[in-house]
Amino acid sequence: MSTFPLRSAAGRWVLVSTILASAMAFIDSTALNVVLPALQKGLNATGADLFWILNAYLLVLAALILVGGSLGDRLGRKRIFMTGITIFILGSAACGFAPDVNWLVAFRVLQGIGGALMIPGSLSLLSSSIDEKERGKAIGTWSAVTTVVTMGGPILGGALADAGLWRYIFFINVPIGLGALLILSRKVAESKDAEGARGLDLPGVFAIAVGLAALTFGFLRMPALGIASPAIWGSLAGGLGLLGLFLWIEARSTQPMMPLFLFANRTFSAVNALTFFLYAGLGAGMLFLSLNLVQAQGYSQLESGLTFLPFTVLMIGLARWAGTLADKHGARPFLIFGPATAGLGLLLLSFVGATRGPADYWTNFLPGVLVFGGGMAFTVAPLTTTVMTSVPDTYSGTASGINNAMTRIANVFANAIFGALAVLLFAGALRSRLEGSGLSPEIRQAVMAQAAALGNARPPAGVPAAERVHVTEIYRAGFITVYADILRIAAGLAWLGTLMAVFFVRGGRPGADARKEALGVTIYFVFYLSGFGSNEPRPVFRDYCSNPRYEVRPVLDAPVAIALRAGCYGPVAAVAA
């Protein structure tokens, strides 16, 4: 497979096409959070509807993103990349024309399918097309440009929403995607592995996608149907059962999309748990901050988008420096300090109550945004490095994909659980404020009926004109209370991520780590029951079993060495040895 210098015409066209496609996906995701208030008003959507709009895309992306990379290796990276872009822009155009929430959710699923093929294909095509000695520079350029472009997502989203053009958040993807397709079709050569790529784990895809969807349905329908509803418990139980089935499939598959034995490495497991907790807190915090600014604090959507600019600037300015320091001093201090600081930022933001609007931003919201952004900036690069270096080089791409999928799964769970919790908390806050309001029982019931709309709740038609201002203030105060509660829980999730680093990310002697990891790998291997008498390593474990880290040496005493051989080759071979 031929590669090109970055400065060659072929290299530049590959870089430009991957930047265009990636920027399209990143702008779409960052701008959507900002336009949610306008979207909710325009489609008369409930709070649960908003979380479905977000999760429809995320859960499909989480389920398919690992498969997307495998398809590129097998069928051609350019072909799959272009297919993903095409599906994504078709889904985007359909989202722009969606007449109601149900259609928008359906078209977001289509976007998710496209994103799952497009997002991993971007870096895969770039890495496989550029000369090895310049790949780091190419990826650095890709990262820098896409980050700068992504900064404009919230600002663009806010400007379009304020102009009543929130649908153009989706339409803008069409010309960007068509530009990328034109370059790819005319200027970029195909790239695929000469050797046969691994197969596709379709049963695993089905199990995780339907399992996540069932859990999302269960949580988001809980406020409407009640926690005791058989439909809710059936959905949650079915979702958990399917996720359990997913783990069983992955343990048995010879070509798993998520090789579970990687989690035998304590550091790899810890940083993925850290990723889950931190990004669940991040997703919930950013979403409810955006809704609070527009729906309760009186910001325009453009002003809301601009409030995130310091966060992004810190990410750009500090992330590379943090990565350099982590290389010099080790990642563990940053994986403790970063999430702890991010959690502190979320906590500071939770204490901001009712304000006078944008005039108070500098003293109320900005300090929390700066602390939050600083914490994230010191976390991201060391986290990525730790993920990639905690597994054998053969599995570095798979490890990166698993960690990428973990961020999506974290957002799916955050949107589902916090979406349901927000409605329940909002209903409770309204109920407590209505008790001493002096409103009639009929009007109280009508006011409570709006709880599902969250921050978009408006006084019902039956409320007397003299009471409408009072009811509006009850809605505002109730939503600010919900915002504070959600951000405090999000801060707690970030601190849970800190605890993962404190207790499970360790330094220490390489030999001792290898011995502990060998024990963990073996525990997983013994559950894989096929091929006990084989004289060759099972295909899914071949690279792990042949890794020099696990050769018999003093640190791997005889019982561990025999156990590891049993895990790789089966107990018959271990006893014979």
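Student: How do you know how far the predicted coordinates can be trusted along the chain?

Tutor: The mean pLDDT of the protein chain is 79, and 82% of its residues reach 70 or more. Among the elements, helix H13 (residues 332–350) has the highest mean pLDDT, 94, whereas helix H19 (residues 510–525) has the lowest, 44. Over residues 508–544 pLDDT stays under 50, although the model has 87 contacts there beyond four places in sequence. Where pLDDT is low, the predicted coordinates should not be read in detail.

Student: Why is Asn-44 called exposed, and why is Asn-456 called buried?

Tutor: Exposed requires a relative accessible area over 50%, and Asn-44, at 67%, therefore counts as exposed. Buried requires a value under 20%, so Asn-456, with 14%, is buried. Asn-44 sits in the loop between helix H1 (9–43) and helix H2 (47–75), while Asn-456 is found in the loop between helix H17 (441–448) and helix H18 (465–504). Leaving aside residues up to four places away in sequence, Asn-456 touches Gln-40, Lys-41 and Gln-295.

Student: What makes the phi of Asn-44 worth a remark?

Tutor: Asn-44 has a positive phi of about 55° although it is not a glycine. Most residues other than glycine have a negative phi.

Student: Which residues of H7 are buried, and how do you know on which side of H7 they lie?

Tutor: Asn-173, Gly-177, Ala-180, Leu-181, Ile-183 and Leu-184 are buried in H7. They cover an arc of only 165° around the axis, and therefore they lie on the same side of H7. These buried residues pack against H1, helix H3 (77–97), helix H4 (101–129) and helix H6 (168–171), whereas the face turned away from the buried side carries the exposed residues Pro-175 and Arg-186.

Student: Why is the pair of Tyr-57 and Phe-88 called edge-to-face?

Tutor: The structure holds 15 aromatic pairs. A pair needs ring centres within 6.5 Å, and edge-to-face needs planes over 60 degrees apart; the rings of Tyr-57 and Phe-88 have centres 6.5 Å apart and planes at 70°, so this pair is edge-to-face. Because Tyr-57 lies in helix H2 and Phe-88 in helix H3, the pair ties together parts that are 31 residues apart in sequence. Both Tyr-57 and Phe-88 are buried.

Student: Which residues have the most contacts inside the largest nonpolar core?

Tutor: That core has 157 residues, and those with the most contacts inside it are Ile-85, Leu-212, Phe-288, Phe-365, Met-376 and Phe-426. Its largest share, 17 residues, comes from helix H16 (residues 396–434).

Key. Residues numbered from 1 in each chain as written. Predicted model: local features only at pLDDT ≥ 70, side-chain atom pairs only at ≥ 80, totals over all residues. Heavy atoms only, no water. Helix = DSSP H or I, 4+ residues; strand = E, 2+ residues; numbered from the N terminus. Buried < 20%, exposed > 50% of the residue type's maximum accessible area, 1.4 Å probe, protein only. Arc of directions from axis to C-beta. Contact = heavy atoms within 4.5 Å. pLDDT = per-residue confidence, 0-100. Core = buried A, V, L, I, M, F, W, Y, C linked by side-chain atoms within 4.5 Å. Phe/Tyr/Trp six-rings, centres within 6.5 Å; stacked < 30°, edge-to-face > 60°.
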